[in-house]
Amino acid sequence: MKEREYHAQPVRRVYIEKEGGKERALGVPAFEDKIVQRAVAMLLEPIYEQDFHPCSYGFRPGKSVHQALHHLREEGMQGWLNWIVDADIQGFFDRLDHGVLRDLLHRRVKDGGIDRLIGKWLNAGVLEAGELLHPERGTPQGGVLSPLLANVYLHYVLDEWFERDVRPRLKGRALLIRYADDFIIGCELEEDARRLMEVLPKRLGKYGLSLHPEKSRLVRFHRMPKDAPADPENGVFDFLGFTHYWGKSLAHQAAHHEQTPAEGAEGTLGVVQDAPPRPGARAARQSVPEATGPVPILMGYGATRKR
């Protein structure tokens, strides 16, 4: 590296199975490249940790998925979280624009050596089935440096934009919770939520990204007051491997199996672990064993959470 004779090797692409029979593409760097990427990550991480917002929880020191879920629960139990912008960035790691990424990095890091190393990794190519490919977009999901690069990209594209430009212009309260490329935006007012659904695709499109048309939606998520009638339009959404819904305590559910979680007493924010995508309130309730007390958001039921 000191003699500038280091050459990044192509990333080997492998596939792992996902739910629904689909596959996720992962990139496996050579061992030498992993060492160098780790060294660069150790240099860049303290720099960007000064800039990253608290809403970002993915792949950061002292941050975890449990903290992200706890934040969601705490805000939800305050009673103002009425609408959820359930967003899904379509193929984020495959569509990350190399030119935009390097421009964003230059805002904070202007070291020529670091810039050359990152350029080598972005342009090294992908080895798949014996064929060497050189995509103009994307960073290998599974690379040592990829999580940090993803956080830098979305820090400017999403986090900074939301905190600086969006939140001050909204009429009600709002929050953003992001874990790598998975994020939700919670709003107090329907008007604000619908404005965000309109402007979010434009913001992402400016940086070469797009929302998944089938997986992105606006979810009504009102906390049900005591003795309120059933509201079939009150929604359920998935986030970070959990299905979130409003419902009664488990003790009340066990005594009234024929009611949906939206019916009856004052709502409790519940989650079901490893549930199928958006199964609906009734299926979510049936996936939880009988117990007493409110549903804890940080406890999983059944097998260890898969990710």
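# Chat about a predicted model

User: How many aromatic pairs turn up in a search of the whole structure?
Analyst: Six aromatic pairs, searching the whole structure. Keep in mind that this is a predicted model.

User: Take F92 and F93. What kind of pair do they form?
Analyst: An edge-to-face one. The ring centres of F92 and F93 are 5.2 Å apart, and the planes stand at 80°. Over 60 degrees counts as edge-to-face.

User: Are those two buried or exposed?
Analyst: F92 is buried, at 1% relative accessibility. F93 is buried too, at 10% relative accessibility. The cut-off for buried is under 20%.

User: Which residues make up the aromatic cluster there?
Analyst: F92, F93 and Y153 form one aromatic cluster.

User: And F221 with F237? Why is that pair edge-to-face?
Analyst: Their planes are at 75°, so the pair counts as edge-to-face. The ring centres of F221 and F237 are 5.0 Å apart. This pair links distant parts of the chain, 16 residues apart.

User: Where does each one sit?
Analyst: F221 is in the loop between β8 (217–220) and β9 (237–239). F237 is in strand β9.

User: Where is N82?
Analyst: In the loop between α2 (65–76) and β3 (83–88).

User: Why does N82 count as buried?
Analyst: N82 has 15% relative accessibility, so it counts as buried.

User: Cysteines, then. How many disulfides?
Analyst: The count comes to zero. C55 is another buried cysteine, with a relative accessible area of 5%.

User: Switching to charges. What sits over the ring of Y57?
Analyst: The charged end of K63, 4.8 Å from the ring centre.

User: And over Y156?
Analyst: The charged end of R107. That one is 5.0 Å from the centre of the Y156 ring.

User: Where is the kink in α1?
Analyst: At L43, shortly before the proline P46. The kink is about 25°.

User: Which residues of α1 are buried?
Analyst: D33, V36, Q37, V40, A41, L44 and Y48.

User: How does α2 look?
Analyst: α2 has 12 residues. It reaches 17 Å from first C-alpha to last, close to the 16 Å expected. Its buried residues are V65, A68, L69, L72, R73, E75 and G76.

User: What lies between α1 and α2?
Analyst: A loop, and R60 lies in it. R60 is buried, at 9% relative accessibility.

User: Which residues does R60 contact?
Analyst: E49, F52, H53 and N151, leaving aside neighbours within four places in sequence. R60 and E49 are 11 residues apart along the chain, and their C-alpha atoms are separated by 8.1 Å.

User: Now Q90. Where is it, and what does it touch?
Analyst: Q90 lies in the loop between β3 and α3 (92–95). Q90 touches R95, S210, L211, H212 and P213, not counting residues up to four places away in sequence.

User: How far apart are Q90 and K215?
Analyst: In space, 8.9 Å, C-alpha to C-alpha. In sequence, Q90 and K215 are 125 residues apart.

User: Why is Q90 not called buried?
Analyst: Q90 is at 24% relative accessibility, so it counts as partly exposed. Buried means under 20%.

User: Last one, the whole chain. How many helices and strands?
Analyst: Nine helices and 11 strands. Of the 307 residues, 45% count as buried.

User: And what share of the contacts with a separation of 6 or more is between residues 24 or more positions apart?
Analyst: In the protein chain, 71% of those contacts.

Note on methods
Residues are numbered from 1 along each chain as its sequence is written. This is a predicted model: local features need pLDDT of at least 70, side-chain atom pairs count only at pLDDT 80 or more; totals for chains, interfaces and linings use all residues. Side-chain values use heavy atoms; hydrogens and water are left out. Helices (H or I, at least four residues) and strands (E, at least two) are DSSP runs, numbered from the N terminus. Buried means under 20% relative accessible area, exposed over 50%, partly exposed in between (1.4 Å probe, protein chains only). Rings of Phe, Tyr and Trp (its six-membered ring) pair if their centres lie within 6.5 Å; planes under 30 degrees apart count as stacked, over 60 as edge-to-face and the rest as tilted. A charge sits over a ring if NZ of Lys or CZ of Arg is within 6 Å of the ring centre and within 35 degrees of the ring normal. A disulfide is a pair of cysteine sulfur atoms within 2.5 Å. The bend at a residue is the angle between axes fitted to the seven residues ending there and the seven starting there. Contact means heavy atoms within 4.5 Å. The expected span of a helix is 1.5 Å times one less than its number of residues.
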